[in-house]
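Let's take a walk through this structure together. Have the sequence and the 3D view at hand as you read.

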Amino acid sequence: MCGIIGILYRDKSVAKDLVTGLKLLEYRGYDSAGIATLSNGSILIEKDKGRIDELNVKLGFESMPGCVGIAHTRWATHGAPDKINAHPHTDCENRIAVVHNGIIDNYNEIKSELVRKGHIFKSLTDTEVVPHLIEEYIKNGYSFRDAVIEAVSRLEGAYALGIISTYEPGMIVGVKQLSPLVVGVSDEGMFIASDINSLSPFTKDVIVLDDGEVVFLTGDSYEIVRLPTRERVVKKVERIEIDTQFADKEGYVHYMLKEIFEQPVVLNYSIRVQEHYLNLMAELLDRSKEVFIIGAGTSYHAALLGSIILSRVARLTTIPVIASEFVSRYGDVVSVDSSVLAISQSGETIDVLKAIEFAKSRAATILGITNTLASTLTRVCRVYIHQHSLPEIGVAATKTFTGQLAVLYRLAMVTGKKRGKLSQREMDEMKVEIAKIPGVVKTVLDRVDQQVRALAKKYKDTRYFVFLGRGLSYPIALEGRLKMLEITYIPSLAYPAGESKHGPISLIEKGVPVVFVAPPDETRKLIIGNIEEMRARNATIITLGDEGDNELRELSDDFIPMPRVYPLFSPIPYVVPLQLFAYYTAVLLGRDPDKPRNLAKSVTVL
Ligand code: F6R
């Protein structure tokens, strides 16, 4: 994780813009931050533990002088989140400064060698080997440029690096291996950054680097070389249109709340993704002998639901798998006849990318659904669909989850049609019904917000929550549980309701809140039985069910009435109250829902 940015201007200071970019990268990690600039032949560094805004005031980031600089926001892997371990890191003489996103696997071996040669290390990070190793090559007579190439050729693992040095004060070097890095170009100067969004205030013209590439930026030019051959690579600058509105909370207290309320609008975009790409993907899915759908966290919940939808609507069997488990579970059966559909909001989750890399090496077809243009996922897929949910800043996924579901519904419909499993009439009916979903979500938001706020107040001090659902609602129970535990830190369980009596029921005692996701579909009858089982053990029942369902209402201590919805599409509106429930509970407990502890939005370490 971690976010890095580097800016080189011809004739203005970079510090203010580094802070702007850094704040847009804060979703990648936020336990500490730092900036290094080059000024009057020296490297100046300010860094510490804490959030960027606080550090900006405390350390005066924005007033640091210099036209060349690099910056970092950290999610700790090696070494506690404190000042010493915060980036940038330097060599012994403070002539080389480095920011890094990723993990250098062989840092111990390099560190021991450098310590034997007399290098003094200040931090516990893996990153610090990089400036010292470059320094060592320079001592041995290499130019700065060659020293960087020699040094990074020795690194194993994942790394996006930004490097500045007093040896070449008019240069920033960027290196990409497995962690993302893009180059930005503008009339005023050059940029590197972990993502395109963070460059959006400065330029739309970008070059996406590939693994093994090193870029040397100077005021008005850039040169890219590819390792290990060191050949020069010519890459074209792409113009990427990014909506910059996302950076504003637009009056909401938190991004998460804004993003929950944005769903009626952005769901319209996801439902309307281009038919052409859906058709291409459907064609490839239909041709495959087996289809795996992979994802991590919330995206895995979308994968699970996608698998159910594809089975119901397109009669296509697919295997949903948590990305990090994919290779060990199914590696031996992946072949040229397999397709892997990867779901990833960021398109950069390393567990997903590793699974894909493996599947690709076995000649499988790679497909993707993502919210991030020009992400690594988009570059490795045979076909990908951009879900158009607009950038999501809150660490907890909300609008991008419902956007993923909308795309999966559309994909299932197109695949069902192609496979002859849906009649034109059924297809037309589904098209009409799915078009109503953004409106249904709007109604839910208008109607339940106050009620859910009150529920959060009532239940915020519970020791734990249990979330139960059946069929299409089981992934929604999982997602409600994940939202709750990740931002409130209240331990929570989710189970298929039918499975609850095979163990989890032993946790039930008087007053334990059990949340049932109970839309009016084929599971409702059985869910009633599960509610009765929990009531018999004095659990407190919170139910999301159809507004006209008086039986459910009477069985529940708290009933959240949901508008009537086409049963197949119930997961989208039904997850919304659960997002709000987690959000309001977190706020009442004094947690920051946008930046939960220990988490980061883009998980780029294995
Ligand atoms: C939960 C959450 C994470 C992500 C997961 C995958 O709210 O946001 O669980 O869903 O890290 O991220 P992507 O979708 O970017 O691959």
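Predicted model: local features only at pLDDT ≥ 70, side-chain atom pairs only at ≥ 80, totals over all residues.

Start with the backbone at His 87 and Pro 88, which are joined by a cis peptide bond with omega at about 0°. You'll find Pro 88 in the loop that runs between strand S4 (68–74) and strand S5 (89–90).

Next, have a look at phi. Ala 363 isn't a glycine, yet its phi is positive, at about 65°. This alanine belongs to the loop between helix H11 (350–361) and strand S19 (365–370), and with a relative accessible area of 41% Ala 363 is partly exposed. His 388 is another non-glycine with a positive phi, about 60° here. Look for His 388 in the loop between strand S20 (383–386) and helix H13 (399–418); its relative accessibility of 37% makes it partly exposed.

Now for the charges. Side chains of opposite charge can pair when their charged atoms come close. How many salt bridges does the model have? The count comes to 40. One of them connects the side chains of Arg 51 and Asp 592, at 3.2 Å from N to O. Arg 51 is in the loop between strand S3 (42–49) and helix H2 (52–59), while Asp 592 is in the segment after helix H18 (571–588), so this pair ties together parts that lie 541 residues apart in sequence. Arg 51 is partly exposed, at 25% relative accessible area, and Asp 592 is partly exposed at 25% as well.

Lys 235 has salt bridges of its own. With Asp 210, the N to O distance is 2.7 Å. Lys 235 lies in the loop between S14 and strand S15 (238–239), and Asp 210 in the loop between strand S11 (205–208) and strand S12 (213–218), so the pair ties together parts 25 residues apart in sequence. Is Lys 235 buried or exposed? At 15% relative accessible area, Lys 235 is buried, whereas Asp 210 is partly exposed at 28%.

Lys 235 also forms a salt bridge with Glu 213, at 2.8 Å from N to O. Glu 213 is in strand S12, so this pair ties together parts 22 residues apart in sequence. Glu 213 is buried, with 0% relative accessibility. Through shared partners, salt bridges join Asp 210, Glu 213, Arg 226, Lys 235 and Arg 379 into one network.

How values were computed:
Residues numbered from 1 in each chain as written. Heavy atoms only, no water. Helix = DSSP H or I, 4+ residues; strand = E, 2+ residues; numbered from the N terminus. Buried < 20%, exposed > 50% of the residue type's maximum accessible area, 1.4 Å probe, protein only. Salt bridge = Lys/Arg side-chain N within 4 Å of Asp/Glu carboxyl O.
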